[in-house]
Structure formats: C-alpha cells, structure tokens
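Please open the structure in your viewer and keep the selection tool at hand. The tour below goes from one selection to the next.

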Amino acid sequence: MLIVALVGAVLSFVTYEVVFYLNPLSPKATSSWIIAFVIGVARQHALHRYFTFSHKVPYFKSLYKAYVLDLGGLLYSSGLHWVLSNTFKLNHRLVWLCCLLSTALISFVFLKQYVFKVSND
C-alpha cells in the first residue's frame, strides 16, 4: 500500500504541475488543485484496485464510492488550499504537499473500509 501511495503521490505532483502550467483559471493554484484532484481520484483508485487490494469489487461501483468518499476531502482540501495559497501566500507547491498529506490521511482511514469493501448484497 505504501509503494502504491508513493507512486500515486509522484504522479499526483506531475499531474498538478502540468495542470498548473496549462491552467488559465483564477485562482490558478486552487483551481489547479481541484482539477488535478479529480483526475487523481480515478488514477489512484485504479492503482489501489490493481496493486493493493485483493477484493475485486465491481470497478464502477468502487470508483463511484471513491468519488463519494473523496468529495469531502476535495471540499476540505480546496478550502485549505485557498486559505494557504491566497490568505497566507504560501508557495503553491508547499500548499499542494500540505493538502495531499491531509487528504491522504482521510483516504487511508476510509479506503479499505468503504471503497474496496466487498458487500454481501
């Protein structure tokens, strides 16, 4: 799980940097975070599905659950991102790291119990 998380973090940073570079929206750092986050949910879901968890919940059912779970993390982290980058004027890469770590903790707690849990229904 740790290796998949680290690979996902590197890919997440690359995604964020590409989105940030191409992003015409304002506020640039926070909107880049949101776009990269939405892309990252599907990518990280696929990585965990194929390399971390042995339970094979139907793909779209578990992907839907991942987006539902991560909606709270997205709302929380987008607010945090905006405050850190716009109010405190921290570097957007440092803010990315803070938000990644906070959402990773949330995901770590709920991933196996909710997203990849095999139900008996």
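In which helix do tryptophan 33 and phenylalanine 37 both lie? Select the two residues and you will find them in helix α2 (residues 28-51), four residues apart, about one turn of the helix, where a helix is a DSSP run of H or I with at least four residues, numbered from the N terminus. Please bear in mind that this is a predicted model, in which local features need pLDDT of at least 70, side-chain atom pairs count only at pLDDT 80 or more, and totals for chains, interfaces and linings use all residues. Residues are numbered from 1 along each chain as its sequence is written, and side-chain values use heavy atoms, with hydrogens and water left out.

Both tryptophan 33 and phenylalanine 37 are buried (under 20% relative accessible area, with exposed meaning over 50% and partly exposed in between, for a 1.4 Å probe and protein chains only).

Next, select threonine 103, which is found in helix α4 (residues 92-115) and is buried, with a relative accessible area of 7%. Leaving aside its neighbours within four places in sequence, threonine 103 is in contact with Trp33, Phe37, Gly73 and Ser77, contact meaning heavy atoms within 4.5 Å.

Now move to cysteine 98, which is partly exposed at 34% relative accessibility, and then to cysteine 99, which is buried at 0%. The sulfur of cysteine 98 has its closest cysteine sulfur in cysteine 99, 6.7 Å away, which is too far for a bond, and the whole structure holds zero disulfides (pairs of cysteine sulfur atoms within 2.5 Å).
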